[in-house]
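Thank you all for coming.

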Amino acid sequence: MAQSAPPAARRSEAGATGMRRRIITAPPVWRELLLVVLFYTGYTLTRIVLVQDGTGPAFAHADEILRAERFLGLDFELHLNQTLLTVPWLARTANVFYATMHFIVTLAIVVWLYRYRPQHYRWLRTSIMIATGVALIGFWLYPLAPPRFLHSEGFVDPVTALHSLGLYASDASGSLTNQYAAMPSMHAGWSLWCGLVLVRLASQNWAKLLGALYPATTVIVILSTANHYVLDAVAGMALIGGALWVSWILYTRCPAPLLLARARVTHRLHQRAGRRTDRSGAHSAP
């Protein structure tokens, strides 16, 4: 006669099964909204704090990046910048694109995932958070002045040159963010994340096409507006790629023993919380 599994093992297996089920469903919307607000607030504030050490290292790193790109034959930001300025209406459009689409498109994709692809939401949401968190370390360890500050190299900021709308069009907007957080480029990284999500999960061909075009367009914009270098665009995209792989492994290929261990820990925490509730109820009883 087969021996049944002990209660603790059954609870652990049930917990692991429940955890796998939760992974393929979207969490409560109020929790996700709170998470987005807290994460983006922390991201913005951290970027501001990281600029307090002065700008000298940022310009030294800019010289390093340009030397490396010239050695590799990748220094075509200046050509793109000069070409863009010859078409003022296109330059103004690029300025607005840079200032707005980075946030609008990413948020729209997150909402779309939550609503229409809940089985993929958790691991994809986690991947972009991992990448952005690691990027903050990059901003701290390697502050980098964007090309638009390198007037001696011939770069021109199309926002100031054309008195256009842009992310740093006013002194107030420029003072409320870290303009030396160019490495890695999260404009490039987030756009790649959005593009991959659409190409992989969208059902309409036109949406897949937009997903393919959006990262390419973003990279051209960030280079031609002199906000980023080729190398920090590559770094941002590589960071997203690595974060997607790590998150996919954690959520979809997590080993059963690890799931069981997490389920046991969760069960014990619930037990402790239940005992505390029981004790508090007993103390309050007449």
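**Helix 5 against helix 6**

Let me begin with a contact in this predicted model: from helix 5, the residues Thr106, Val110, Leu113, Tyr114, Arg115 and Tyr116 meet Pro118, Tyr121, Leu124 and Ile128 of helix 6. Helix 5 covers residues 88-116 and helix 6 covers residues 118-141, and the two pack at an angle of about 145° with their axes 7 Å apart.

Turning to the record, the unreviewed UniProt entry lists residues 29-50, 96-114, 126-145, 180-199, 206-223 and 229-251 under "transmembrane region". In the model, residues 96-114 are 100% helix and 0% strand, with 27 Å between the end C-alpha atoms, while residues 206-223 are likewise 100% helix and 0% strand, with their end C-alpha atoms 26 Å apart.

Beyond the neighbours within four places in sequence, Val219 is in contact with Ala188 and Met237, and its C-alpha atom is separated by 9.5 Å from that of Gly189, which is 30 residues away along the chain.

Finally, Arg148 is placed in the loop between helix 6 and helix 7, and this arginine is buried, with a relative accessible area of 4%. What joins the side chains of Arg148 and Asn227? The link is a polar contact of 2.8 Å.

Conventions:
Residues numbered from 1 in each chain as written. Predicted model: local features only at pLDDT ≥ 70, side-chain atom pairs only at ≥ 80, totals over all residues. Heavy atoms only, no water. UniProt positions renumbered as here; feature names shortened; annotations may be inferred. Helix = DSSP H or I, 4+ residues; strand = E, 2+ residues; numbered from the N terminus. Axes fitted to C-alpha atoms, helices over the stretch in contact; angles between N-to-C directions. Contact = heavy atoms within 4.5 Å. Buried < 20%, exposed > 50% of the residue type's maximum accessible area, 1.4 Å probe, protein only. Polar contact = N/O pair within 3.5 Å; in protein donor to acceptor, adjacent residues only side chain to side chain.
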